[in-house]
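Colleague: I would like to learn how to read pockets, strand pairing and charged contacts from a model. Could we work through an example together?

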Amino acid sequence: MRATTPTRFTVVTTAGLVLADSHQDPAGMENHATRPELRAAKASGEGVSIRYSRTLRTEMMYYALVVRGEANGEP
């Protein structure tokens with residue numbers, strides 16, 4: 001699943017379930033609901049955090065954006 005870009009993209013439900021990831025199999029990924037950028041996005045539509053990635057073992061910047069529409073069952 002590794003993409004040709006160094007940017008990692010992850011699609012997560014509002015409940016924190018990982019649906020897709022550009023660099024890893026989502027089946028083995030933990031729930032993301034408590035991640036600070038996702039909690040902020042759920043509250044205000046977008047969120048940003050800089051924190052340590054246990055997966056990549058380095059500081060990373062994370063950006064989350066809420067996407068609403070018919071595709072995910074929301075008006």
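Colleague: Which element gives the most residues to the lining of the largest pocket?

Modeller: Before the answer, note that this is a predicted model, in which local features need pLDDT of at least 70 and side-chain atom pairs count only at pLDDT 80 or more, while totals for chains, interfaces and linings use all residues. Residues are numbered from 1 along each chain as its sequence is written, and side-chain values use heavy atoms, with hydrogens and water left out. Rolling a probe the size of a water molecule over the atoms shows where empty space is left. Here, a pocket is an open set of points on a 1 Å grid over the protein atoms alone, where a 1.4 Å probe fits, with protein on both sides within 12 Å along at least five of seven lines, and lining residues have an atom within 4 Å of a point. With helices (H or I, at least four residues) and strands (E, at least two) taken as DSSP runs numbered from the N terminus, β4 gives the most to the lining of the largest pocket, with 6 residues.

Colleague: How many residues line the largest pocket, and which lie nearest its centre?

Modeller: The lining comprises 42 residues, and T10, V11, V12, H32 and L38 lie nearest the centre.

Colleague: How do β3 and β4 pair?

Modeller: Two strands pair if DSSP finds at least two bridges between them; β3 and β4 do so in the antiparallel sense over 8 bridges. G47 has A64 in β4 as its bridge partner, and S53 stands opposite T58. The two strands form a hairpin with 4 residues between them, and R57 in the turn has a positive phi of about 55°.

Colleague: How many salt bridges are there?

Modeller: Side chains of opposite charge can pair when their charged atoms come close. Counting a side-chain nitrogen of Lys or Arg within 4 Å of a carboxyl oxygen of Asp or Glu, there are 4 salt bridges. One of them joins D21 and R8, whose closest N and O atoms are 3.1 Å apart. Because D21 lies in strand β2 and R8 in the segment before β1, this pair ties together parts that are 13 residues apart in sequence.
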